[in-house]
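Here are some exercises to work through with the model open beside you. Try each task before reading its solution.

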Amino acid sequence: MTSTACSLSSPSDPMSVFDRALVRRHRERAAPAFDAHDFLFVEAAERLVERLDDIVRPFPVALDLGCHAGAVGQALERTGLRARKGIETLVQADLAPALARRAARALPDVPTFVADEEWLPLRPASLDLVLSALSLHWVNDLPGVLVQLRRALRPGGVLLASLLGGETLVELRACLAEAELAVEGGVSPRCSPLAAVRDVGDLLVRAGFALPTVDAEAIPVHYAEPVRLLADLRGMGESNAVAARRRVPLRRETLARALELYNARHATPEGRVVATFEVITLIAWAPG
């Protein structure tokens, strides 16, 4: 996700779509005040662990990949699902050291480490369950990450993850593009290439997973004004990290025009504005 989002399932160079070092810096910057902006991660974690309750089998060793501040682990504890699902060992990992430290403080008994989702230090057949809430949409090589996770799962192990989909922030995307075209005469890369449901299912099959199930939910979020949405995106660590982004800040005139369009087109009868987040959820099994 960036300050806008779009669907782009087949980038010409999938290894250089995102600046991963910048993704890490954005998360590091967001970490000190993350709990003031973490509502989407908390909601995604709650929805993710609800899906786990439908799977009838124990998961002795589980990994929360891209844990941010530990919302998934906290949801497992709060709902009692960690005990009910036999999760004897839960491990957390995040790209950003500052967020990993926050997750470790939230769950002191859970081992937590720093790891890049694209280069996972996981032994083959070492996990029974991989959980991931709203992190995988930032990886450059999603097929490669899925292959790594499939290899790390024991036969019959489960991958249960959510990521942002291509319909995320359609309102902001359109307003920014129109404003930039009108004010600056062109549109710069401000779109993250987010996957569509069909693409995610195909990638799971290509990675060697069995019985993949993929669906999407739209989560509308209401704001008093669109500038609060932009503040939340920064506070979430979800600012623009597209490798081909413009290196100059958005012009004040362009931003003002985009906010004006947003207020005019996406206001509710109550005088607020809506922002839509599409959350794609996937469940797949390691063959065995």
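**Exercise 1. Determine whether phenylalanine 18 is buried or exposed, then find its aromatic partner.**

Step 1. In this predicted model, phenylalanine 18 has 6% relative accessibility, so it counts as buried. Buried means under 20% relative accessible area, exposed means over 50%, and partly exposed lies in between, using a 1.4 Å probe and protein chains only.

Step 2. Searching the whole structure gives 2 aromatic pairs. Rings of Phe, Tyr and Trp (its six-membered ring) pair if their centres lie within 6.5 Å; planes under 30 degrees apart are stacked, over 60 edge-to-face, and the rest tilted.

Step 3. Phenylalanine 18 pairs with tryptophan 138: the ring centres are 5.0 Å apart and the planes stand at 75 degrees, so this pair is edge-to-face.

Step 4. Now place both rings in the chain. Phenylalanine 18 is in the loop between β1 (5–7) and α1 (20–30), while tryptophan 138 is in the loop between β5 (127–133) and α6 (142–152), so to speak 120 residues apart. Helices (H or I, at least four residues) and strands (E, at least two) are DSSP runs, numbered from the N terminus.

Step 5. Tryptophan 138 is buried as well, at 0% relative accessibility.

**Exercise 2. Classify the ring pair of phenylalanine 34 and phenylalanine 41.**

Step 1. Their centres are 5.3 Å apart and their planes meet at 45 degrees, so the pair is tilted.

Step 2. Check accessibility too: both phenylalanine 34 and phenylalanine 41 are buried.

**Exercise 3. Describe how helix α5 packs, and how it is oriented to α1.**

Step 1. List the buried residues of α5 (residues 97–106): Ala98, Leu99, Ala100, Arg102 and Ala103.

Step 2. These buried residues pack against α1, β3 (89–94) and β4 (112–114).

Step 3. The axes of α1 and α5 are 7 Å apart, at an angle of about 45 degrees. Axes are lines fitted to C-alpha atoms, for helices over the stretch in contact, and angles run from 0 to 180 degrees between N-to-C directions.

Step 4. That angle makes α1 oblique to α5; under 35 degrees counts as roughly parallel, over 145 as roughly antiparallel, 65 to 115 as roughly perpendicular, and the rest as oblique.

Step 5. Arg24, Arg27 and Glu28 of α1 meet Pro97, Ala98 and Leu99 of α5. Contact means heavy atoms within 4.5 Å.

**Exercise 4. Where do alanine 125 and leucine 169 lie?**

Step 1. Alanine 125 lies in the loop between β4 and β5. Although not a glycine, alanine 125 has a positive phi of about 50 degrees, and it is partly exposed at 38% relative accessibility.

Step 2. Leucine 169 lies in the loop between β6 (153–164) and α7 (170–184). Its phi is also positive, about 55 degrees, but leucine 169 is buried, at 0% relative accessible area.

**Notes on reading the model**

Residues are numbered from 1 along each chain as its sequence is written, and side-chain values use heavy atoms, without hydrogens or water. Because the model is predicted, local features need pLDDT of at least 70 and side-chain atom pairs count only at pLDDT 80 or more, while totals for chains, interfaces and linings use all residues.
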